[in-house]
Amino acid sequence: AAIGGHPGARHNLGCKEAENGNYERAVKHMIIAASLGYQLSIEMLKMNRGHVSKEDFAAALRANQAALDAMKSPQREAAGRLTEQQRT
């Protein structure tokens, strides 16, 4: 799934690599997941700033925002409003 572009799977690989002490590989997986719009990977990168360079973090943040912007559409926004209305 990670090779197929599933951001959650890529994030999970990053977590496993970090558990195994492979922080360089973990950061690479987290950056890829963040670049695909996976917000939890951004949070993990924030928490592990000692293992990721300032430039890599900034690039991941920009790519994350670009991915989120690319997913926006009037239909998604309407669906989000409807979901919020149903919760209240």
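A crossing of two helices is called left-handed if the near helix is turned anticlockwise from the far one by less than a right angle, and right-handed if clockwise. Helices (H or I, at least four residues) and strands (E, at least two) are DSSP runs, numbered from the N terminus. The model is predicted: local features need pLDDT of at least 70, side-chain atom pairs count only at pLDDT 80 or more, and totals for chains, interfaces and linings use all residues. Residues are numbered from 1 along each chain as its sequence is written, and side-chain values use heavy atoms, with hydrogens and water left out.

**First stop: helix H2**

Select residues 23-35, which form helix H2. The expected span of a helix is 1.5 Å times one less than its number of residues. For the 13 residues of H2 this gives 18 Å, and the end C-alpha atoms are 18 Å apart, so the two values agree.

**Second stop: His-29**

Select His-29 in helix H2. His-29 counts as buried because its relative accessibility is 12%. Contact means heavy atoms within 4.5 Å. Leaving aside neighbours within four places in sequence, His-29 is in contact with Arg-10, Leu-13, Gly-14 and Glu-17. The C-alpha atoms of His-29 and Leu-13 are separated by 6.6 Å, although the two residues are 16 apart along the chain.

Now display H2 and H3 together. H2 passes H3 in a left-handed crossing. Which residues of H2 and H3 make the contact? Val-27, Met-30, Ile-31, Ala-33 and Ala-34 contribute from H2, and Ser-41, Ile-42, Met-44 and Leu-45 from H3. The residues of this contact divide into 8 nonpolar, 1 polar and no charged (Ala, Val, Leu, Ile, Met, Phe, Trp, Tyr, Cys and Pro count as nonpolar, Asp, Glu, Lys and Arg as charged, and the others, Gly among them, as polar).

Then select Asn-64, which is placed in helix H4 (residues 54-71). Is Asn-64 buried or exposed? Asn-64 counts as buried, because its relative accessibility is 3%. Not counting residues up to four places away in sequence, Asn-64 touches Ala-34, Ser-35, Gly-37, Tyr-38, Gln-39 and Ile-42.

Technical notes: Buried means under 20% relative accessible area, exposed over 50%, partly exposed in between (1.4 Å probe, protein chains only).
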